[in-house]
Amino acid sequence: VHSVLKNVKYVYESSRDISTSRIYKDRKEKVVILGSGWGGIHFFINIDFKKYDVTLISPRSYFTFTPLLPCLCSGTLSAKVCTENVSTFLKKKGSSGKYLQMECTDISPEERQVICRDNKNNEVKIAYDHLVISVGAKTNSFNIKGVDKHAFFVKDIEGVINIRKRFLDVLDICCTDKISNEEKKKLLHVVVVGGGPTGVEVAGEFADFINKDVKKKYKNIFPLISVSIIEGGKNLLPTFTQNISDFTKRTFHTANINVLTNYYVKEVDEDTICVQSSLDQNEKKKQIPYGLLIWASGLAQTPLITNFLKKIPEQVNNRILNVNGHLAVIGIKEQNIYAIGDCKKIQPLQLHQNFHEVLDYFSSSSTTFSSDLLKSKANELSKKFPQVSQSKWDYKKNKKTQMDKHQFCEYLKEIDENYKSPIPTAQNAKQEAYFLSNLFNTLMDKKADGHQFPSFVEKWKGSIAYIGSHQVVAHLPFFEITGGLFSFTFWKMVYIQLLLTWRSRFAFIMDFLRIKFFGRPFSK
Ligand code: FAD
Ligand code: NAD
């Protein structure tokens, strides 16, 4: 009997290898993650390897801690602080995940596989049961002529190392007497386009480097160096408060950074940037000579996402991947493809289109409704409709009493229209990664029984930016910081705590000690 059982077990084991998960439940379901950035790596860190067969695919074998990238332009920090090798996260107690260094070029939902390209340009197909897309976004050049050819981008380690190298090369070139002062002035003009947090932090770091270290080493050419920031809107850091924007402008003036707000860059060539006033279209366009152009004007989607959208009939006209409240890609029938981070936008179920379902949350005898009544059900309702959560809808500002059914439906429509998807930040990508991996770890088994997944609602923890001259601005839930003696210490404490490993925390401290005693390095 024992031997027969053994044979049965053998047949079972071998057939299991070639079967699918739905036939043999004990096969671990295969989860494939695309991208090793904020979303991908945190999903990988938190998903249960014992429960799932997890594979991370990314052309980048490391995670980049993007908030510190601007510090690499100036040499304040070195690349080792901002990177974590994926291999650091491959093993968890008694189980491990896999990493494949490849770029995904296509997604085939019907065949449940992703098509990838490895280092040697070979095509490889990888099957999945669940796919998590976290490929981020690229810098948006808005198809402005000359940008892709002449500008540098602050998106990854390679980009910032190139920026630094170009600036140090220019310094060396300008040390010789072979070129005129006029030409040197042009070459030594660093222009940052985009007054969002990326552009502001990069401009601040450059000013620090120039005003402190370059000034000492390149005394002769120091007076010829300049930094400018060009922003199409009227404010720097437009997503922070007005007070912070004004403080940033003042700090930049003190640090000799030229601030050009209300000007849009229209065209770029090898030597000049053409800008036009966004206030007065009749104003003559200006030509600004430059030596180094850094482009930080927001985000655009990667070719992978743009091509994938064309395959989903419900999304062919979208520019960004739309996901539902629990981050599953809309239009994928099997609901086994998810997207997190900068490559997606949340498009939740509409309250007004599901009015009868919303009414079920209230007593059947209710004939009049109020914003307070809706607020009392907000926690429950927001599991399906994230737009009613108190962090997404201001019940105080939009107080309404005595609404009949029709008016209530209109009120719900207003809430639907007011919903804003989480903005593309590291903190949101990380929160989405934890939310989704927790769903996988705890609720995915219950999906087949028709169990409803909750919706994702982000928690805003504030924004912080280093603007140079040891000044930090922060827009936080209960207060704001506009520079001051301890603001830079506060910034360092925040980042020490946010870094992923003790190795990078130690490297962060050592780099700050190094520049305190020896100044920023000039090595390329
Ligand atoms: P990313 O972190 O960009 O990761 C994308 C990953 O996908 C990468 O590993 C990439 O190699 C991989 N990938 C790309 N294409 C493919 C493909 N075809 N196949 C497989 N893998 C692919 N946010 C904040 O909240 N606070 C800050 O202070 C802050 N500072 C920032 C500073 C800078 C300079 C920049 C550029 C951004 C900053 N952000 C900040 C924004 C934040 O970095 C992004 O919102 C965050 O990185 C988004 O995470 P993600 O996982 O979607 O994408
Ligand atoms: P952004 O979209 O926040 O800012 C880009 C800016 O460039 C805008 O203000 C826009 O008006 C301007 N612009 C666009 N085209 C222009 C043109 N042709 N000429 C002149 N100006 C032009 O982009 P970002 O700063 O790269 O940030 C991207 C995301 O990353 C955002 O969500 C941001 O919050 C996040 N981020 C956060 C931090 C932080 O919190 N410290 C730092 C960096 C990035």
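Predicted model: local features only at pLDDT ≥ 70, side-chain atom pairs only at ≥ 80, totals over all residues.

User: What makes S8 and strand S9 a pair?

Analyst: Two strands pair if there are at least two bridges between them. S8 and S9 (residues 113-118) are joined by six, and they run antiparallel, so they count as a pair. Within S9, Arg117 stands opposite Glu103.

User: And how do you know that S9 pairs with S10?

Analyst: By the cut-off of at least two bridges: S9 and S10 have five, in the antiparallel sense. Cys116 stands opposite Val124 in S10. The two strands form a hairpin with four residues between them, and Asn121 in the turn has a positive phi of about 70 degrees.

User: Why do S8 and S10 stand at the edges?

Analyst: The open sheet has the order S8-S9-S10. S8 (102-108) and S10 (123-127) each have a single partner strand, so one side of each is left without a neighbour in the sheet. The twist averages 30 degrees from one strand to the next.

User: What makes the Tyr495 approach to ligand 1 a polar contact?

Analyst: The cut-off is a pair of N or O atoms within 3.5 Å. A polar side-chain atom of Tyr495 lies 3.3 Å from an oxygen atom of ligand 1, so the pair qualifies. Gly39 does too, with a backbone N or O atom 2.7 Å from a ligand oxygen atom.

User: How much of ligand 1 does the protein bury?

Analyst: Taken alone, ligand 1 exposes 1000 Å², and the protein buries 87% of that.

Note on methods:
Residues numbered from 1 in each chain as written. Chains lettered and ligands numbered in written order. Heavy atoms only, no water. Axes fitted to C-alpha atoms, helices over the stretch in contact; angles between N-to-C directions. Polar contact = N/O pair within 3.5 Å; in protein donor to acceptor, adjacent residues only side chain to side chain. Areas by Shrake-Rupley, 256 points an atom, 1.4 Å probe, with all protein chains shown as cover.
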